[in-house]
Amino acid sequence: MTASLSNGLALLAPEMKSKLDIYAALIGKWQAKINLISPSTLPHLWTRHFEDSYQLAELAGAWTEWVDLGAGGGFPGLVIALTKTSAGRVHLVESDKRKAAFLREVSRETGTEVEIHVGRIESVLPKLCEQVDFDVISARALAPLPLLVEYARPALVKGATGLFLKGRALSAELTELPPNNSLDIQIVASRTEPGGSIVVVRAHDSRTIRV
């Protein structure tokens, strides 16, 4: 329940907290059928998953189109959709049909509209970027940074800001990025995971990004 909220989520309007309560209950219901989150983190759902995702909101600034890669159980994209304070559309890309069904149920039960795209990122995102100019592209615990940037390329080359939640292995992943990759990379410390970081990625020149 919301009694264990950390400072960021504590500032949300009551209707947003109510949506997160519904989301939490559905995670508990579905967790027995599909592995949405690590079972050991279920008692810490609000801080480990909700707050961890929500911290991206302040880094994103103003946005109208957001796409989340490998949405899984909805982190961070669905949390962003449930807590957004202005008009904006969130797209969730997920290849697992069962997890996509879970995302649809949360959307329906909370009355929150999201666009759910079922398929592999490398097939879905290029086509999606032909139709939508994304402001933000996000992912959490999806892939090593070089591969993640490659996945995100169709959005980055059109000016999207990448917000990628990463763990302790980030230093090694940064060394694996090729030189002269035309990326501006900023590292922001996570406020929820010791040793964790948020990698903010922008293209210096969208026409020449190389990974």
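Here is a short chat about the predicted model shown above.

Student: Before we start, what should I know about the model and its numbering?
Tutor: It's a predicted model, where local features need pLDDT of at least 70 and side-chain atom pairs count only at pLDDT 80 or more, while totals for chains, interfaces and linings use all residues. Side-chain values use heavy atoms, with hydrogens and water left out, and residues are numbered along each chain as its sequence is written, starting from 1.

Student: How many helices and strands does the chain have?
Tutor: Both are DSSP runs numbered from the N terminus: helices are H or I with at least four residues, strands are E with at least two. Counted that way, the chain has nine helices and seven strands.

Student: What radius of gyration does the chain have, and what would a compact globule have?
Tutor: The radius is taken over C-alpha atoms, and the globule rule is 2.2 Å times the number of residues to the power 0.38. For 211 residues, that rule gives a value near 17 Å, which agrees with the chain's 16 Å.

Student: In what order do the strands sit in the open sheet?
Tutor: Two strands pair if DSSP finds at least two bridges between them. The pairing is mixed, and the order of the seven strands is β3-β2-β1-β4-β5-β7-β6.

Student: Which are the edge strands?
Tutor: Look for strands that pair on one side only. Those are β3 (115–118) and β6.

Student: Do β5 and β7 run parallel or antiparallel?
Tutor: In general, strands of a sheet pair through backbone hydrogen bonds, in either sense. Five bridges join β5 to β7, and Leu-165 stands opposite Ile-198 in β7. The two strands run antiparallel.

Student: And in which sense do β4 and β5 pair?
Tutor: Here Ser-138 stands opposite Leu-163 in β5. There are five bridges, and the sense is parallel.

Student: How many residues of β7 are buried?
Tutor: Buried means under 20% relative accessible area, exposed over 50%, and partly exposed in between, using a 1.4 Å probe and protein chains only. Strand β7 (residues 197–203) is mostly covered, and the buried count out of its seven residues is five.

Student: Is Lys-166 buried or exposed?
Tutor: Lys-166 lies in strand β5. Beyond its neighbours within four places in sequence, Lys-166 has contacts including Leu-145, Glu-173 and Val-199, where contact means heavy atoms within 4.5 Å. Its relative accessibility is 9%, so Lys-166 counts as buried.

Student: How are α7 and α8 oriented to each other?
Tutor: Axes are lines fitted to C-alpha atoms, for helices over the stretch in contact, and angles run from 0 to 180 degrees between N-to-C directions. The axes of α7 and α8 come within 8 Å and cross at roughly 10°. Angles under 35 degrees count as roughly parallel, over 145 as roughly antiparallel, 65 to 115 as roughly perpendicular and the rest as oblique, so α7 and α8 are roughly parallel.

Student: Where is Ala-141 found?
Tutor: Phi of Ala-141 is positive, near 50°, whereas most residues other than glycine have a negative phi. Ala-141 is exposed, with a relative accessible area of 73%. It's found in the loop between β4 (136–140) and α8.
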